[in-house]
Amino acid sequence: MIDIRKLKELVRLMTASDLTELDLRDKDEQVTIRRASPQVAPQVIHAPAVVHHAAPAATPAPAAPAAAAPAKPAADEGLVAIESPMVGTFYASPSPDKPPFVAVGAQVGPNSVVCLVEAMKIFNEIKAERSGTIVKMMVQSGQAVEFGQPLFMIKPS
Amino acid sequence: MSDRMHPQRPIEDWPDALEAAASACRHVRRVQLLRETASTQDHARASGASAGTAVVAFRQTAGRGRLGRAWADTAHEGIAVTFVVGDRPPESLAMRSAVAAATAARTFAGDAPGIKWPNDVVAGGRKLAGVLVERSEGRALVGIGVNVLQQSFPAELAPHATSLALLGAACDRLDVLAALVASLDAALEATDDDIYRTYRGLDRMCGNRVRFLTPDGAVEGTVRDVDPLHGLLVDTDAGPRFLPAATTSVAPPASVSRYGGRDGSN
């Protein structure tokens with residue numbers, strides 16, 4: 001799901017980088033943002049994605065069983081989500097025989113590595129991006145994660 | 001099998017030869033040679049080596065790889081190197097590192113080596129080289145391990161592993177490293193279109209029956225198409241299935257313990 005916060009961030013990035021068109025799609029949705037010129041406000045086209053992937057003669061894969069609905073941060077608790085920046089597999093520890101990067105209750109800073117997300121055997125370090133305390137781990141090691149899916153909830157400090 | 005090994009140059013010869021290989025490169029500008037290290041990948045990370053650095057081990061004792069320690073210890077028979085490169089999208093890094101490793105292997109072993117998606121180098125269905133890429137701090141650590149001189153492997157690896165020597169290539173480890181420095185540089189320099197075409201030309205997965213792990217469970221079938229940018233088309237008993245690259249991994253051999261799709265030799 002692309003929420004308004006994410007959309008604002010995308011628009012900000014487009015403006016900053018002088019991009020005029022951005023096309024994002026995932027399983028459920030497709031978002032196209034176009035800017036005519038730096039003076040004109042971005043136009044947003046928001047439509048359900050028709051095509052998830054282009055594969056010749058492929059039958060659609062069965063829907064993922066009870067895909068975890070991205071839980072929205074509980075604003076009233078003042079918690080903020082650390083979201084996955086990509087599609088891939090979540091790993092809580094640097095390798096199977098090592099302890100997790102963080103546990104519930106851990107204090108993190110913006111540069112603290114909290115987990116790995118792996119796709120095509122490329123392991124991507126994910127950082128907390130802000131200071132706070134880890135309150136909840138939203139996914140289990142080895143689980144597939146979507147773009148924007150909350151991985152941890154943290155209480156900002 | 002002959003016990004005679006192709007003569008190997010001593011470590012004293014390595015710095016100059018590696019410097020010479022790097023001097024012709026744009027993306028590899030300096031080489032750090034370690035006589036012995038647990039893991040070139042860990043050393044590169046801990047030392048904060050910047051993009052353009054290649055960390056080379058004369059011997060690597062505890063590289064990371066799911067196929068066990070025996071594989072990970074190069075024991076002066078394999079090579080282990082971590083290239084620190086500027087960050088790129090994951091699929092680009094996967095394609096380029098695999099093409100680099102396969103191209104270097106083919107310099108010595110002819111047409112036999114190819115790529116098993118996403119980035120293993122295989123020959124005759126056995127693993128010859130492994131790649132492990134980690135993105136961190138705006139850079140990527142591209143770890144590549146190649147089996148060079150091994151004449152045999154421990155029993156649990158033997159069915160799954162091969163080496164340049166077993167493929168009939170007589171070579172010095174230093175020459176393989178120099179070839180890898182050059183091929184990695186070329187793979188980073190190539191256009192997206194060129195690297196994509198090269199990758200598909202080196203594919204060794206199409207036509208094979210493979211078991212994959214996906215978020216929906218295991219999927220087994222005959223691979224019909226491998227597109228490193230998007231995913232795999234697999235003919236299963238229930239019909240064709242498209243498996244997205246980002247959430248699919250190859251199931252390890254039944255005899256080998258696994259940890260997701262983690263693999264590689266560094």
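1. In chain A, strand β5 (residues 88-91) pairs in the antiparallel sense with strand β10 (residues 144-145) over two bridges, where strands are DSSP runs of E of at least two residues, numbered from the N terminus, and two strands pair if DSSP finds at least two bridges between them. Within this pairing, Gly88(A) has Val145(A) of β10(A) as its bridge partner.

2. This is a predicted model, in which local features need pLDDT of at least 70 and side-chain atom pairs count only at pLDDT 80 or more, while totals for chains, interfaces and linings use all residues. Residues are numbered from 1 along each chain as its sequence is written, chains are lettered from A and ligands numbered from 1 in the order in which they are written, and side-chain values use heavy atoms, with hydrogens and water left out.

3. In chain B, five strands form an open antiparallel sheet in the order β11-β10-β9-β8-β12, with β11 (239-244) and β12 (249-250) as the edge strands, each pairing on one side only. Six bridges join β10(B) (residues 231-236) to β11(B), one of the bridge pairs being Gly231(B) with Pro244(B).

4. Trp117(B), leaving aside neighbours within four places in sequence, is in contact (heavy atoms within 4.5 Å) with residues including Met120(A), Met205(B), Phe212(B) and Leu232(B).

Notes
Helices (H or I, at least four residues) and strands (E, at least two) are DSSP runs, numbered from the N terminus.
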